[in-house]
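Open the structure in your viewer and keep the selection tool at hand. This tour goes stop by stop.

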Amino acid sequence: MKSYYLPIACFFLSISLLANSQQTEKGGISSEMLQQIKQSYQGTSTDKAIRNAICNNDINKLAINIDNKNNFDTYFSHKINSKGITDQKSSGRCWLFTGLNVFRAQAIAKYDMGDFQFSQVYPFFWDQLEKANLFLQGIIDTRKKPINDKMVEWLFKNPLSDGGQFTGISDILSKYGVVPAEVMTETNSSENTSRMAYLIKLKLREFGIQLRNEAAQGSSIASLEKSKIQMLGTIYRMLVLNLGEPPASFTWTRKDAKGNPVETKEYTPMSFFNEFIGKDLTNNYVMLMNDPSRDYYKLYEIDYDRHRYDGRNWTYVNLPIEDIKEMAIASIKDSTMMYFSCDVGKFLDRERGLLDTDYYDYGSLMGTTFNMDKKQRVQTFASGSSHAMNLMAVDLDPNGKPKKWMVENSWGPGANNGHLIMTDKWFDEYMFRLVVDKKYITPKVKEVLKQKATLLPAWDPMFAEEK
C-alpha cells in the first residue's frame, strides 16, 4: 500500500514546492503582491461608471477636454496660399508629397499657374529601385560579417520601404528629375503600396541570402556585382508592372492661372527639373532637428539615412525649439513653405484638423498622470517623427511670439480644407524636423554646419522614416 501512495504523495509535494517557488521567485508577482495591486481598483460607483463608459466607447471621445474645445480660432497673421490638397492615399509617401509640394508652391508662384502638381509616382519608381540597390550593395559590403551581425540584421529588417525623408527628395530628384502629374499618373499599387512592397521585400531578402551564399562560396566582387545587376532587373520589371515605365521624354503645355495655354515644349525629366525647380537640393537646404536627448548646436549624420547608395547621408543640426521657430517664421514671412515632420498621431483631432496637447485629458479619465517630457519620450521610444507635411502659416501675437501654426497635409480633403492647425505648445512637444532654405538660417547655424558631423548608426531612433 505504501508503495502505491508514495508516488502520488511525491507528485503533490512537487506541485506544492513548484507553486511556492513560483510565488517566491524574485521579480515575479506573488499572491501577496497581487492583493496589493488589486487595491488600485475598488469597484466604486465612480470606477464602475468609468469602466462602463470606456468598455463601450472610443477612449478619445471620452477624453475630449470640453473646456478646451471652445474658442477655436482659425485666423493666421502670416500665411502662404496653397492651391489644392494632395492625397497620398494608402501609402507611406508623405515625405515625397511634402517635398514636391514645397517646389510645387514655388513653381505655381513663379509661372502664375493654376492647380499644378508634379508626378509623385515618377520619383517613387526610382526611389524604390534605388533603395533596392542600396540594400543589395549593403549586403555585398557586409558579406564577411555573420548573419546575426547588427548591421546585417538591420539590412534584412529594412530591405525597402515606401517611407522616407527629405534625403529622398535630394537623392532622387537631383538624379532622375521630375515630370508633371499627367505625364506619369498614379496606379492602384502606388496608392496602395503594401502588397507590392511585401512582394519586393520578399524578393530582396531572397536575393540577399543568395548574394551571401555566393560570397561564402568564394565569388569575386565582380561576380557579385553582376548578380546584383540581374537582381535589379527583376525588381525593375516588378516596378514597371505595378507603377508603369517612367518616360524618357515628353511634351507638355504650360497653362496660366486661368487655364490658357502659354507654352508647349519637349522635355526630359531633368530638363523639366532644371526649369521648374532648378536648385541644388543637397547643398541649398538644411535639416534642423529638435531632439532634446542629444546635445544642441551639434551636427549629426545618420548612416544609411539616404535613398541612393551613391547619395549622401543627410545631416542635421540639433537645436533648441525656439531657434527652429525663428527660422520657420522668417521663411513663412518670405512666403516660402517648408518640409516639416512631427509625431502627428499624438493629440490629433482629425475631425477638426487640430493638434493640441490639451485637447484630450487622458489623465482624468484613467485616474493617473502621463508626465514624461519630450526627452524622456524620445529615449523610451514613446515618440518620434512619423509624418511629413508642409509648414505654411503662423499666427503671431503683438510681441511676435507664435500662438499657433498651420500645415498643408497630404491626406486629401478634410477639416480646414485638408490642413492641420497645431498649438504652439504642441509644436514644442511633437515637432521634430524642419528643412529650410539656407538663406533663412542664422549665423549660429552656419557655424554649426562647419563641424565634422557625429555619425550615428542606422538603427538610431532618429532614422525613423516619415510615412
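Is threonine 336 buried or exposed? Select threonine 336 and check: this residue counts as buried, because its relative accessibility of 14% falls under the 20% cut-off. Bear in mind that the model is predicted.

**Stop 1: around threonine 336.** Threonine 336 sits in the loop between helix 14 (321-333) and strand 7 (338-342). Now show side chains. That of threonine 336 makes a polar contact with the side chain of tyrosine 440, at 2.8 Å. Next, select Ile80, Gln106 and Ser331. Together with Tyr440, these are the residues in contact with threonine 336, leaving aside its neighbours within four places in sequence.

**Stop 2: the largest nonpolar core.** Select Phe103, Phe118, Phe166, Phe272 and Phe276. They have the most contacts inside the largest nonpolar core, which has 75 residues. Colour helix 7 (residues 121-141) next: it gives the most to this core, with twelve residues. Then zoom in on phenylalanine 103. Beyond residues up to four places away in sequence, it touches Phe118, Phe166, Ile169, Ile277, Leu281 and Tyr285.

**Stop 3: another core.** Select Ala328, Met338, Val394 and Val448. They are among the 48 residues of another core, which lies apart from the largest one.

**Stop 4: out to the surface.** Switch to a surface view. Select Ile29, Met33, Leu34 and Ile37. These residues form a nonpolar patch on the surface, and their accessible area together is about 350 Å². Pick out methionine 33, in helix 2 (residues 31-38). Methionine 33 counts as partly exposed because its relative accessible area is 37%, between the 20% and 50% cut-offs.

Note on methods:
Residues are numbered from 1 along each chain as its sequence is written. This is a predicted model: local features need pLDDT of at least 70, side-chain atom pairs count only at pLDDT 80 or more; totals for chains, interfaces and linings use all residues. Side-chain values use heavy atoms; hydrogens and water are left out. Helices (H or I, at least four residues) and strands (E, at least two) are DSSP runs, numbered from the N terminus. Buried means under 20% relative accessible area, exposed over 50%, partly exposed in between (1.4 Å probe, protein chains only). A polar contact is a pair of N or O atoms within 3.5 Å; within protein, one must be able to donate a hydrogen and the other to accept it, and residues adjacent in sequence count only if both atoms are side-chain atoms. Contact means heavy atoms within 4.5 Å. Patches are made of residues with over 30% relative accessible area and no salt bridge: like charges are joined within 9 Å, nonpolar side chains (Val, Leu, Ile, Met, Phe, Trp, Tyr) within 5 Å. Accessible areas come from the Shrake-Rupley method with a 1.4 Å probe; for residues, only the protein chains shown count as cover. A salt bridge is a side-chain nitrogen of Lys or Arg within 4 Å of a carboxyl oxygen of Asp or Glu. A nonpolar core is a set of buried Ala, Val, Leu, Ile, Met, Phe, Trp, Tyr and Cys residues joined through side-chain atoms within 4.5 Å.
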